[in-house]
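I opened my notebook to look at a few helices and what surrounds them. Here is what I looked up.

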Amino acid sequence: MQVKTFSAPTMELALAQVKRELGPEAIILSTRKVSAGPTESWTEISAAREPLTVPDEAKPAADCASSKVIDDIQEIKSFLSLLISSKDQLTQLRTNRPLAELYHSLLAKGLDEKQVFILLNKALSDLDGETAGRATIFNAFCKRLVTKINCASPFRAISDASGPSVYTFVGPTGVGKTTTLAKLAAHLKIKRRIELAVISLDTYRIGAVEQLKTYAQILEVPFYVAQSKSELHTALEDLSHCDAVLVDTTGKNYLDPDHVNHLRSLFDGRRRFSHFLVLSATAKDEDLQQTIIHFRDIDINSLIFTKLDETIHHGCIVNQLVRFNYPVAYLGTGQRVPEDIEPATQKKLLSFLLPVGNQAA
Ligand SMILES: Nc1nc2c(ncn2[C@@H]2O[C@H](COP(=O)(O)OP(=O)(O)OP(=O)(O)O)[C@@H](O)[C@H]2O)c(=O)[nH]1
Ligand SMILES: [Mg+2]
């Protein structure tokens, strides 16, 4: 396979070089922006002429990393064909100043470039050639974006169910699963007067049980520890009079596939669990994406993002909602229990794309 690197002042010019030298079948292996001074940057593309093939004998050993490379290549290929088919819009990005400014401000918020490009294209076609300022284009962009993002109200139907509704909090280490559970437990017990109980499956970390037990004692709700599937189900039998049970789980490195398999086996069976996947807004976009992919094997009901107070770039939250079909239920905004949590709304999510200071309260 012939691999070559191409550099040009813009992505469009670099792609044109790739096409000229390696032909339309060229595969893009990577792209990056290279700084060429304080205000200038070049685009560098590595491309190959032959398709990447995995030898048969190597296939059984193909691990997550190689399948990710293939996924990335597919994604770059589809983005490339999108760029090529959107030549007119690309030209507009250079010549239409409000559009270019909006495009760059959305990227600066951490939004995914491909998603921005696709949604802006749709927004422009909605405006039907009308000469529009930045605010008008932004409104058209938001109208398109809201069709892609959903919010959930997972506790709305609690009292209609027969037997307790059971909610689990799963996710990587240290994202705020236990804290978020405690915040929501307080909300359900104090504001909604729901008959509630808490179970901890987290016996991995010293102190984890004590942390949750303390919250349960303050709220005066029953607290159980379960170390196995059968202990979990026994606890749930004991709690059959409750309206809702919140279940805390151990945080583990999300790259450990055994962890998700273990969780899945715990929750397999006839009983329905609603799973919250808890994620930190401070994580990198790529890591959030991979985490969701790993946890997809569990039937996730909705996402919760925590630590919004620890970052000013909230675009990565929006990226996951557009990329995956999961709704978002809650946003964690600080360490205080129970105050620092709020239900996610589309208005709040869109406000992340406004300049800091104009965001929804
Ligand atoms: N700033 C900020 N900190 C938070 C938020 N939510 C949780 N934290 C903090 O994050 C740290 C970890 O919180 P935990 O609730 O223990 O996280 P966890 O996911 O249960 O951790 P493990 O069980 O160890 O995987 C604590 O210091 C929390 O106070 C939030 O929304 N904002
Ligand atoms: Mg915990």
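The model is predicted. I began just past helix H8, where glutamate 220 takes a positive phi of about 55°.

Next I checked H8 itself, residues 208-219. Its 12 residues should span 16 Å at 1.5 Å a residue, and the end C-alpha atoms are 17 Å apart, so the two values agree.

Which residues of H8 are buried? I found Ala208, Leu212, Tyr215 and Ala216. They sit on the same side of H8 because they cover an arc of only 100° around the axis. I then looked at the face turned away from that buried side, and it carries the exposed residues Glu210, Thr214 and Gln217. The buried residues pack against helix H7 (177-191) and strands S5 (196-200), S6 (223-225) and S7 (244-248).

I moved on to helix H6, residues 134-146. It has 13 residues and reaches 18 Å from first C-alpha to last, close to the 18 Å expected. Ile137, Phe138, Ala140, Phe141 and Leu145 are buried in H6. Their arc around the axis is only 165°, which puts them on the same side of H6. Their cover includes helices H4 (97-108), H5 (113-127) and H13 (346-351).

How do H5 and H6 pack, and at what angle? I read an angle of about 115°, with the axes 8 Å apart. The two helices are therefore roughly perpendicular to each other. H5 passes H6 in a right-handed crossing. On the H5 side, I noted Leu119, Leu120, Lys122, Ala123, Asp126 and Leu127 in the contact. From H6 come Thr136, Ile137, Ala140, Phe141, Arg144 and Leu145.

Conventions. Residues numbered from 1 in each chain as written. Chains lettered and ligands numbered in written order. Predicted model: local features only at pLDDT ≥ 70, side-chain atom pairs only at ≥ 80, totals over all residues. Helix = DSSP H or I, 4+ residues; strand = E, 2+ residues; numbered from the N terminus. Expected span 1.5 Å × (residues − 1). Buried ≥ 20, exposed ≤ 12 C-beta atoms within 10 Å, placed from the backbone. Arc of directions from axis to C-beta. Contact = placed C-beta atoms within 7 Å. Axes fitted to C-alpha atoms, helices over the stretch in contact; angles between N-to-C directions. Parallel < 35°, antiparallel > 145°, perpendicular 65-115°, else oblique. Left-handed = near helix turned anticlockwise from the far one by under 90°.
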